[in-house]
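I am opening my notebook on this structure and will write down each item as I look it up. The entries follow the order in which I checked them.

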Amino acid sequence: MKVTRMWIVASIAAALAISASAQRTPEVALRAAMETETVKGDLKGAIEQYKKVAQSGNRALAAQALVHMAECYQKLGDSEAQKIYERVVREFGDQKDAASAARAHLGRNEANATSAGMTSRRVWGPSPAMSWNFLDAAGATISGDGRLASYNDYTTGNLAVHDFSTGQDRYLTTWKRPEQRDQRTPYPQQSAVSRDGKLVAYTWFNPQKGYELRVTSLEGSGMPQSRLLLYNDDILLLKPNDWSPDGNWIAVQLQRKGGTQQMGLVSARDGSLRVLKSADWQSANRIFFSPDGKYLGFDAPVRQSSNDQRDVFILAVDGSREVPAVTGPSDDTMMGWSPDGKHLLFASDRGGTLSLWGISVTDGRPQGSPVLLKSGISRGSLGVSNSGSLYSGIQFSDRDIQVATVDFKTGKLVSGPINPAKSFLGVNEYPEWSPDGKYLSYLSFHNRIDCSCTYGIPVLAIWSPETGETREIQPKLSYFGVPGYNWAPDGRSFIVNGRDLKNRPGVYRLDAQTGDATPLMMHEPSLAIDLPQLSPDGKRLYYRRNFSGIGSAQLRLGSADSAFVERDLASGTEREIIRRPNGFPADLSPDGRFIATTSNDESTKSLTLVLIPVSGGEPRELLRLSQPERLFGPASWTPDGNSIIVEKVRNDSLTDREFLLVPVDGGQPRKIDVGPTIGLGPVQTVHPDGKQIAYVVGDSTVKQEVWVLENFLPALNAKK
Amino acid sequence: MRLLLAAVLVIPLGLDLYMPVPEDNPLTVEKIELGRRLFNDRRLSRDSSVSCASCHDPQRGFSTAQPIAIGVLGRQGSRNAPALINRGYGHAFFWDGRAATLEEQVLKPIQDPNEMDLTLEEASARVKLDVTALSRSLASYIRSILSGDSPYDRFINGQRSALSAEQQMGLQLFRGKGNCTACHVGPNFTDEEFHNTGIAWRDGQYTDEGRFAISSIPRDHGAFKTPTLREVARTAPYMHDGSLATLEDVVEFYSQGGRPNPDLDSEIRPRNFKPEEKRALVAFLKCLSGKIQEGLR
């Protein structure tokens, strides 16, 4: 109550201090409304008066009026109060007093929930994200008893289940490690464990064939046999999301070759597909069956033309109806259902921070207003156990940009380093100086913090050293390919490989002001392309291309044939410059005449840095390292084109690293002393002034954990 | 696979099981049957000369052979009568999207002086139904007009022999080089959005402002709603003004990149199809004809 009283006193004082001149009608109206509320006690009358003030166009008074209006609703027991507090937080953040008061009200609700005995604890991890991954997949679920979750073990390339009660893992496939695969090797992808914990449905990707949906039994102790449920040549992507409570159906999302996204049910008995609903190009993040099996709760983009806002819907599994469950300007993600099916859980930023909310559901329809349950939760739900515990995954990393001034002649640090990021620390990578040196761009993986996006669209941060300000743009893409985004020579756009909002793969020019994507070239979905760069005159596009139909991850792992290709943008004609047996790095010189790349010589156990003339001719060796030493890069040319900066790793564990400046005239390589770095592909960039270098420091491993939120149901039920 | 929607309609292969139906107008056998009779009832026009079916001929995929629809007393409208195939899945109605629901849409031709030319009161009195019942019944019937189970549907569901080699080539072009799926997407082959292809641009000006007249958004100048391609082989002539007589004409129009104008949609670019590619695209479009069902039949 203290906050509310102080707020009222402050508001009345502010209002009384205002004269009732003709120009101040909204202020007078606000005072009159407050009198109606506090003196006359006419709450409904006051609400009507506050509404008018809220529409007055004066933001300060509108924010105050809204908070008062919400308090009136609250006194009346009307759930509208919650919506208005959320609106103030969302839309009036610049009105600090009002926003603070609204947050206090919202926070008090949360505190009530927390006091009900809600607990949160980690049940798995931290582990490297590349060793297991629930979160990219958007298909993982837990068993009803909360004991098992299936996952894709990237370190072995196998499907596995993790037992939270014992900490044990069990492999369900026997396959090769990713680096041992060739470009034709199938491997498992997304999976979902049935509610009874007896079956796992998973997708099996065959690069020569496409996606299969398979199911395997967890009964017995040996290596289980899998059973093919569904294969359709027309399906480009397939993801199992959840099992029906009776185990008869698997909710899936699929993408047709024409781009259409569909949500459907696959019979666990005969593999027949029932398409429930199609969307043009964008799909759900999460789908969960209601406990009675009658409904699917899912989130979907509000508009097909953007990727920044989702709502939550309830769809009857017989297709008879769909009902919006959670709508509004916030970004909402389906998280699960309460075990009794009376509440739908969702993650939302409607309160200003990403939080867990619940809404009552009766007969597949939402009832009343959402209830805040807990702030600070990720969107990576694995579902709710039968006992009412919510399992969710989080990712975290410790990677940031450093900018330092270096004397490249001596290799010594002159000043710095400094970190340009002031927020979203630990998730920043891939720095790139703009051609004029006025800006440093980097990718900021906000989505890593809240697991907000299935495939992780990073924010493009653009930092001005002159002002110290950072501007962020959200790329209008459904997939952003890293590594290898680059500034275009015009300095007003970026060159990125990815997928547009119609899910079409290609190389795009990304407007540095708006994030709008314009295609430079489109290609078949089966091709993997990365490292796109424009020639200095902007007329030719260079990129690394894989011909086997597998993804960039395999390119990075060095398991695919790939080539560096030049494409004339006007004519569309292409020329292969070099082809290598694995995912070699390649970087175009500032004058566009050479490609710097590496060559691995197994016979001598050595690795060389070579220059290849773009127009043809013999490669020239610049540097040779013998194992265990190796290179990460070449990552960056100096702006004068006289040197290449590479990252040398001196041991197998990849922990002992240093930057080397390698002159292209054959001079001796020399160390650049900027302290410890990490190797993540192109991690350093040199300012056009030839003095400043931007690079990445921190932990090279993205980690993830699974947490369980327990005992939130009493709070949920108490608010009914 | 054929499944029941709310135990009233059979949904043919290729269409979504979920069809958006307003909560206040659930599908019933009675309303669909009543709507069917109303759809064919000439009393709903001023001189009792035309019914909805006059311009939406079931034999022509619920469209008309006239480039521009002809209403009572031989009056001519301004646009081609669109096919009423799978409109239950639609989000916007009329070529310019001026109706948001089927319930709203079905009443407008009755009132249009160039179409049926009755007031709603007159129409209501003639068929002895209140306007709400009239609207809901007609909308229910139109929701029952469905087309699926075409060779294309059978092909993408695993029957590889359902399409000829030429049709398969057409499908590849439709999805790839042709970029047709940029707008003709989904089971119903429409994004339900509005695009300027240049078809209304003649002699340096628009002959029809299209969506702009409704939205007042500049980029909507000359933009029209993407029509479904279901049953497209039966619904000639094409475009909002019926100005293209054949599918070959349509493919040629897009091969050349539409008609350049200041508001041309960015997805429309010259594709320069080879003759065999044009033939393949037409062959593919013809395989989108399936079995049309209407009412409870």
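Is Arg147(A) buried, partly exposed or exposed? I find it partly exposed, at 34% relative accessibility, where buried means under 20% relative accessible area, exposed over 50% and partly exposed in between, with a 1.4 Å probe and protein chains only.

Before going on, I note that this is a predicted model, in which local features need pLDDT of at least 70 and side-chain atom pairs count only at pLDDT 80 or more, while totals for chains, interfaces and linings use all residues. Residues are numbered from 1 along each chain as its sequence is written, chains are lettered from A and ligands numbered from 1 in the order in which they are written, and side-chain values use heavy atoms, with hydrogens and water left out.

**Salt bridges.** I searched the whole structure and recorded 53 salt bridges over all chains, taking a salt bridge as a side-chain nitrogen of Lys or Arg within 4 Å of a carboxyl oxygen of Asp or Glu. In one of them Arg147(A) meets Asp145(A) at 3.6 Å, N to O, and Asp145(A) is exposed, with a relative accessible area of 51%.

I then looked up Asp332(A) and Arg350(A), whose side chains form a salt bridge at 3.6 Å, N to O. This pair links distant parts of the chain, 18 residues apart, with Asp332(A) in strand E17 (residues 332-337) and Arg350(A) in the loop between strands E18 (343-348) and E19 (355-362) of chain A. I have Asp332(A) as buried at 0% relative accessibility, and Arg350(A) as buried at 6%.

**Helix H3 of chain A.** Helices here are DSSP runs of H or I with at least four residues, and strands are runs of E with at least two, numbered from the N terminus.

The buried residues of H3(A) are Leu43(A), Ala46(A), Ile47(A), Tyr50(A), Val53(A) and Ala54(A). Seen down the axis, they fall within an arc of 120 degrees and so line one face of the helix, the arc being that of the directions from the helix axis to the C-beta atoms. On the face turned away from the buried side I found the exposed residues Lys44(A) and Lys52(A).
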